[in-house]
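Good morning, and thank you for the time. Please look at the sequence and the structure as I bring them up.

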Amino acid sequence: MAHDDFDVIVYKVLAYMMACVKKGVYPNIDVAKDAAGCNDVYWAMVIESMLDDGLIRNATVKSYYDGTTDVSAGQDFGITQKGARYLKENSKMEEAKRFLGTAFEKALPTLIEATMAISSLM
């Protein structure tokens, strides 16, 4: 497993979103992308897949004729019940969690603080 494996990126996004919800703050799409640590094309594919699978809600992926994509989200961007269950019960998510170790979990409070700071500016 590598830091840019699809399942690792999905885990990072879902774990970030779940941590936000538990702290009472809506996740931010830009902070989620930073947490994922992937390029724009990969990011668009991950978000589109997660939307298609019903793991997240209220995000949009737009593709343009010039080959670029835009990923955006509404203020109520979030994890679904299915996404929370997937994060908790899926063996690939457990494998990604073990692969990342405690470093990612220790980074979550900083990501949530960044999300709260962005939210206060809006």
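This is a predicted model: local features need pLDDT of at least 70, side-chain atom pairs count only at pLDDT 80 or more; totals for chains, interfaces and linings use all residues.

Residues are numbered from 1 along each chain as its sequence is written, and side-chain values use heavy atoms, with hydrogens and water left out.

Let me begin with helix H3, residues 40–52. Helices (H or I, at least four residues) and strands (E, at least two) are DSSP runs, numbered from the N terminus. The expected span of a helix is 1.5 Å times one less than its number of residues. For the 13 residues of H3 that gives 18 Å, and the end C-alpha atoms are 18 Å apart, which agrees. At the start of H3, a side-chain oxygen of Asn-39 comes to within 3.1 Å of the backbone nitrogen of Val-41. This is a polar contact, meaning a pair of N or O atoms within 3.5 Å; within protein, one must be able to donate a hydrogen and the other to accept it, and residues adjacent in sequence count only if both atoms are side-chain atoms.

Which residues of H3 are buried? They are Tyr-42, Trp-43, Ala-44, Val-46, Ile-47 and Met-50, where buried means under 20% relative accessible area, exposed over 50% and partly exposed in between (1.4 Å probe, protein chains only). The buried residues of H3 pack against H1, helix H2 (29–36), S1 and S2, contact being heavy atoms within 4.5 Å.

Now the hairpin. Strands S1 (residues 56–63) and S2 run antiparallel and are joined by seven bridges; two strands pair if DSSP finds at least two bridges between them. Val-61 stands opposite Val-71 in S2. Five residues separate S1 and S2 in this hairpin, and in the turn Gly-67 has a positive phi of about 90 degrees.

Finally, Thr-80, which lies in the loop between strand S2 (69–79) and helix H4 (81–89). Is Thr-80 buried or exposed? Thr-80 counts as buried, because its relative accessibility is 19%. Leaving aside residues up to four places away in sequence, Thr-80 touches Gly-54, Leu-55, Ile-56 and Arg-57. A polar atom of the Thr-80 side chain lies 2.5 Å from the backbone oxygen of Gly-54.
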